[in-house]
Amino acid sequence: MISFVAKRALAAIAALSLATFSLATVAFAQDFPKRPITMIVPFAAGGTSDVIARTVAEQMGIALGQTIVIENVAGAGGSTALARASRAEPDGYTIAIGNAGTNAATYTIYPKLPFTPESFVPIAMVAKTFGVIALRKDFPAKDLKEFIAYAKANPGKINLGHAGVGSSNYLICKSFVTAAGVDATLVGYRGAAPALTDAIGSQIDGVCDAAASVSQSIGDKLVRGLVVGSTVRLATLPDLPTSAEAGLPDFEAQGWNGLFAPKGTPQAVIAKLNAAARTAVETDAVKKRFADLSTVAPDPDEHTPEVLQKLVTRDVEKYRKMLADDAK
């Protein structure tokens, strides 16, 4: 039996250890960051997530007084990158940018992943995005009605590229073909940029992409915009009809991008990263770049980790139902 005195001594030691740990954590957070931070992007350079990540990272780095280095880790719809991020030291020096594809749909599509939603701590939502369907410039259909008619007359023969199964662009494709009721072949790439390149070169019929990465190519007439899955027209693509205007109101493609850290990252460090992200998206530089990309920064009350966590929880369930047939 442990004596009363011994129990008191053990309790005192435990309390002292906890206090020492807490003080060490606070001291670490106060000094954070003391060196460059790595932001993992789950796709190839040039795609939507990459462009948003680089735009936000530059301003976050200024706010934190340290450089944020972008590391592109493409593959498996973003799960290769998230596996790498989940194994990183939980000290705030490795974070990742994700979306509804990489951080929600992937758990249905790849049920045997080496990580779960609980493997990550949300930092902040940093952007809202809008999905666009764009076709090679010589595609025979000139509008959505003609496209649907052509697709139904040629089932399985239309190829639409995306950034990999489980990516947000893949979800745009799935939502589009489901709403349109057509049979199209969805072709996965290691990122949005190579898919767009093949559409420009007429190697595939079109792409499901975010306005952030396809607007410039539509404006330069390298590809032809078909429809945007939003409720209002985009300022950068004023001639591109919304899904409702085009006669397909069930096609909705409004997404998000958020920052995540490995489980166990101190809350004080998360708070610093959150504050830097909030500062970044409120800068004129980010606002201007986002406007050019038809991307929107979160509202002030949407910057919290809790809001991002709710989005993840909601979308995990949403895509579990939508993508049950895609599970591997």
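This report describes the nonpolar cores, pockets, cavity and salt bridges of a predicted model.

## Nonpolar cores

The largest nonpolar core comprises 32 residues, and M39, M60, V126 and L273 have the most contacts inside it. Two or more residues of this core come from each of β1 (37-41), α2 (48-64), β2 (68-72), β3 (94-99), β4 (120-136), β9 (254-262), α9 (267-281) and α10 (284-292). Helix α9 gives the most, with seven residues.

Leaving aside residues up to four places away in sequence, M39 touches A53, A57, M60, I68, V69, I70, E71, I95, I97 and L259.

## Largest pocket

The largest pocket has a volume of about 430 Å³. Its lining consists of 28 residues, of which S168, I172, A253, Q254 and G255 are the closest to the pocket centre. At least two lining residues are supplied by each of α2, β4, α6 (168-180), β9 and α11 (305-322). The largest contribution to this lining is that of α6, with five residues.

In terms of residue class, the lining of the largest pocket contains eleven nonpolar, twelve polar and five charged residues.

## Second largest pocket

For the second largest pocket the volume is about 280 Å³. Among its 16 lining residues, those closest to the centre are I218, G225, L237, D239 and L240. Helix α8 (211-219) and strand β8 (223-228) each supply at least two residues of the lining, and β8 gives the most, with three residues. The lining of this pocket divides into eight nonpolar, three polar and five charged residues.

## Cavity

The structure holds one cavity of 30 Å³ or more. The largest cavity has a volume of about 50 Å³, and its lining is formed by N103, Y107, P117, F120, P122, F260, Q309 and V312. Two or more of these residues come from each of α4 (100-109), β4 and α11. Six of the lining residues are nonpolar and two are polar, while no charged residue is present.

## Salt bridges within helices

The count of salt bridges comes to eleven. One of them joins D50 and R54, whose closest N and O atoms are 2.9 Å apart. Because D50 and R54 are four residues apart in helix α2, about one helical turn separates them.

D292 is partly exposed at 40% relative accessibility. K288, with a relative accessible area of 56%, is exposed because its value is over 50%.

Through shared partners, salt bridges join K128, D299 and E302 into one network.

Conventions: Residues are numbered from 1 along each chain as its sequence is written. This is a predicted model: local features need pLDDT of at least 70, side-chain atom pairs count only at pLDDT 80 or more; totals for chains, interfaces and linings use all residues. Side-chain values use heavy atoms; hydrogens and water are left out. A nonpolar core is a set of buried Ala, Val, Leu, Ile, Met, Phe, Trp, Tyr and Cys residues joined through side-chain atoms within 4.5 Å. Buried means under 20% relative accessible area, exposed over 50%, partly exposed in between (1.4 Å probe, protein chains only). Contact means heavy atoms within 4.5 Å. On a 1 Å grid over the protein atoms alone, a cavity is a set of points where a 1.4 Å probe fits but cannot get out, and a pocket is an open set with protein on both sides within 12 Å along at least five of seven lines; lining residues have an atom within 4 Å of a point. Grid points are joined across faces, edges and corners, and a volume is the space filled by probe spheres set on the points. Ala, Val, Leu, Ile, Met, Phe, Trp, Tyr, Cys and Pro count as nonpolar, Asp, Glu, Lys and Arg as charged, and the others, Gly among them, as polar. A salt bridge is a side-chain nitrogen of Lys or Arg within 4 Å of a carboxyl oxygen of Asp or Glu.
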